[in-house]
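Thank you all for making time this morning.

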Amino acid sequence: MKNEYLQSVLIESSQIDECVREMGRTIASDYGDEPLTVIGCLKGSFIFMADLVRAIPRTLHIDFIEVSSYGDFTESTGNVRIVKDFKHPVKDSHVLIVEDIVDTGLTFDFLFDHIRLKQPASLEIAALLVRKSVDRKKRPIKYAGFEIGEEFVVGYGLDAAGLYRNLNHIAAYSPT
Ligand code: PRP
């Protein structure tokens, strides 16, 4: 397999570790002793989710939802669909969505609309990556790791046609 992606490291593993640790401490402090359910959005969030929940030193419920809008393509299809819904009852619990990236914001909108129907005490999102183009007034992202430009990114859970999710870092990817 070619390793061209290794030449284009955008965010080092050590930067991610530091960011996740800091975010975990902030989340723990913000929610205090209130009931908290953390819902990871699969598949892209699986590594960030695993690291982030271990950086939050308190009890919490963990669940997952799987949605898809990209398929095997680099352009969003514009249609977000649920592949697997979360199961934990969240009425009156605070809910924190965990996302690898807020890109166009379509998935953000879908998740907020979907989870709000279950009447959580509050609903926020932690995203490792946020595109600079996202209107953060319209789509408030309480916990955001890194702002990125237009580059197609892979690694630390993010894929290109299903590959590269297992990289420890975030890389800019361009098919050659
Ligand atoms: C990716 C990513 C986010 C979403 C963000 O999911 O994990 O959920 O796109 O894009 P948006 O802001 O434009 O909606 P994808 O549909 O690629 O599925 P995956 O997580 O299984 O890779």
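I will begin with the ligand site, then turn to the salt bridges, the aromatic rings and a few backbone features.

Before that, two remarks on how to read the values. This is a predicted model, in which local features need a pLDDT of at least 70 and side-chain atom pairs count only at pLDDT 80 or more, while totals for chains, interfaces and linings use all residues. Residues are numbered from 1 along each chain as its sequence is written, and side-chain values use heavy atoms, with hydrogens and water left out.

Let us start at the ligand. The shell around it consists of 18 residues, of which Glu99, Asp100, Thr104, Gly105 and Thr107 come nearest; a residue is taken as near if one of its heavy atoms lies within 4 Å of the molecule. Strand β5, residues 94–102, is one of the elements that supply at least two residues of this shell, the others being β2 and α3, and β5 gives the most, with four residues. Helices (H or I, at least four residues) and strands (E, at least two) are DSSP runs, numbered from the N terminus.

Which atoms come within polar contact, that is, a pair of N or O atoms within 3.5 Å? A polar side-chain atom of Asp100 lies 2.6 Å from an oxygen atom of the ligand, and an N or O atom in the side chain of Thr107 is 2.5 Å from a ligand oxygen. Ser69 takes part through its backbone, with an N or O atom 3.0 Å from an oxygen atom of the ligand. On its own the ligand has 500 Å² of accessible area, and the protein covers 93% of that, by the Shrake-Rupley method with a 1.4 Å probe.

Now to the salt bridges, of which the structure holds nine; the term stands for a side-chain nitrogen of Lys or Arg within 4 Å of a carboxyl oxygen of Asp or Glu. One of them joins Glu66 and Lys43, whose closest N and O atoms are 3.4 Å apart. That pair links distant parts of the chain, since Glu66 sits in strand β3 (residues 61–68) and Lys43 in the loop between β2 (36–42) and α2 (46–54), 23 residues apart. Glu66 is buried at 18% relative accessibility, whereas Lys43 is partly exposed at 47%; buried means under 20% relative accessible area, exposed over 50%, and partly exposed in between, with a 1.4 Å probe and protein chains only.

Another salt bridge brings Asp109 and Arg139 together, with the closest N and O atoms 2.6 Å apart. Asp109 lies in helix α3 (residues 106–116) and Arg139 in the loop between β6 (122–131) and β7 (143–148), so the pair ties together parts that are 30 residues apart in sequence. Here Arg139 is buried, with a relative accessible area of 10%, and Asp109 is partly exposed, with 27%.

For the aromatic rings, the whole structure gives three pairs. Rings of Phe, Tyr and Trp (its six-membered ring) pair if their centres lie within 6.5 Å, and planes under 30 degrees apart count as stacked, over 60 as edge-to-face and the rest as tilted. Phe152 and Tyr173 form a tilted pair, 6.2 Å centre to centre with 55° between the planes. Tyr173 counts as buried, at 17% relative accessibility. Tyr164 and Tyr173 are likewise tilted, at 5.1 Å and 45°, and ring pairs link Phe152, Tyr164 and Tyr173 into a cluster.

Finally, the backbone. Most residues other than glycine have a negative phi, and most peptide bonds are trans. Against that background, a cis peptide bond joins Leu42 and Lys43, with omega about 0°. Asp92 has a positive phi, near 70°, and is found in the loop between β4 (81–84) and β5. Ala161, in the loop between β8 and β9, also has a positive phi, of about 50°, and is exposed, with a relative accessible area of 52%.

Methods. A polar contact is a pair of N or O atoms within 3.5 Å; within protein, one must be able to donate a hydrogen and the other to accept it, and residues adjacent in sequence count only if both atoms are side-chain atoms.
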